[in-house]
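Hello,

Here is the structure I promised to pass on. My notes follow below it.

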Amino acid sequence: MTTLTKPRKELWGGVIEFPDLEPGKYTATAEAWNLGENILEGSGSTEITVRAGETTDCNIAMILEGQTAYYSKYMILTDYSNTKYIYDYPSCNKSSKSVSFGTSYNTVEDNNGQIYHIEGSNLYKDNDSVLNISDTSKLIKNPLYYDSKTDTYWIGLEKKIIQFQFCLQNSDKSGNTEAFGDPRTPQGQSFLNFAVQENKVYLIYIDYEDSSDPNIIYFTKDENVKLTEQKRIQLSTIGVSGEVTDMAVLEDGTVAVLVNEKSLNPANQFTLNDGCTVYSRGALVLLSSDLSTYKVYGWTDSPRTISAKLNSGSDDPYNGAPGNSQIDSITAYIPDYAERNSHFYGPMRIVAIRPKELVIADCGANFVLADYNEKKNGKMFTHNRLMTVNLRNFAIDCKKEFSEDELKFQNLTISGNLEYVTAGWTDLSAENEK
């Protein structure tokens, strides 16, 4: 690796010299970084042949994507009690930026690093009120979105006059869809997440009377903010299942959707029994702007068996453990420990969008059952981490894992005999997680 020997301040040109190379064929790769913001602006490569006694020149062209692309300066991380913290992207440490958060609604960041959030009946930009919301009871689950292409925030609302309608609003305009259905149905309809880019709008919608399978719907938006449906697909047709927790439209128009499937629901405590099936998985789904094609990343598609270690060759394989504590095995749709940096445990939120990179808050758990031979209790290992997705090669990696004392996205708990099969037995350590 080397650096420019004749750097330029312009967005073009520059010379990289390799003075001593053995004859042969080489691949020359160059990357352009904005070191101040830790952004990879562009990259390129070419094949060259070096001959003895000769000087070989080559040109590498790069499109500097970061010059116009949106990038997050901050990451807004929310713990299980809905307390929000601002983290700086480069350092992954808490930021000195101060914003007063209160409600559980989502937040969005604009092109200038200012944060929109809803407190009471007002929309704020950082700490300044910019809009009064006349009826917050109409806000959908995640009511804020920022379109970086047009530098416009949007608020998502649900109207219930005679029939359901999804509505968009900002400080200048408001508009809505055609009716979705009859609000008198027992559970009604649910608008969960939305995203906007110029004249395209995307919505996650569940009709509980029909099924709990989320719909991804694509609308076009006219100058009067009237929304006209173009296409819809159900999540199950993509081959994943669970809750849609977040969505965004990326710089090139790709629609990013997070899917989270967990048995470990804090609001509905999960009981672990022998032979049961446990879920802690998720996916990033990337769809084309017209929803005609898609790719799935980080999804655990196949189950594995997590087994206890019995006291083999003994009349008492459970080594004196009480009979009602015996859990021999469970079926787990959970990434294997060796896959932890390439698969999701349960993606919660897209917390940063960078040129060709996403940062995703991921939360879930893995299990180890008891070792009856060594008298060691089973254990649930929780994971609260930030995952990166490289949008050039779609590699997934862990940017930072938080200890539970530092930050806990969800308060994941189980009931059932796992961590204390028998009092006095030792706990399995993190090194035993598989």
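Strands here are DSSP runs (E, at least two residues), numbered from the N terminus. Two strands pair if DSSP finds at least two bridges between them. Ile-118 has Leu-123 in S7 as its bridge partner.

This is a predicted model, with residues numbered from 1 along each chain as its sequence is written. Local features need pLDDT of at least 70, side-chain atom pairs need 80 or more, totals for chains, interfaces and linings use all residues, and side-chain values use heavy atoms, without hydrogens and water.

A second open sheet of 4 strands runs S24-S25-S27-S28, again with antiparallel pairing. Strand S24 (347-354) and strand S28 (396-402) have a single partner strand each, so one side of each lacks a neighbour in the sheet. Neighbouring strands of this sheet are turned by 35° against each other on average, direction ignored (axes are lines fitted to C-alpha atoms; angles run from 0 to 180 degrees between N-to-C directions). Strand S27 (residues 379-390) is joined to S28 by 6 bridges, antiparallel. Arg-385 has its bridge partner in S28, Glu-401.

The protein chain as a whole has 30 strands and 0 helices (H or I runs, at least four residues). Of its 434 residues, 47% are buried (under 20% relative accessible area, 1.4 Å probe, protein chains only).

Best wishes

Key: Buried < 20%, exposed > 50% of the residue type's maximum accessible area, 1.4 Å probe, protein only.
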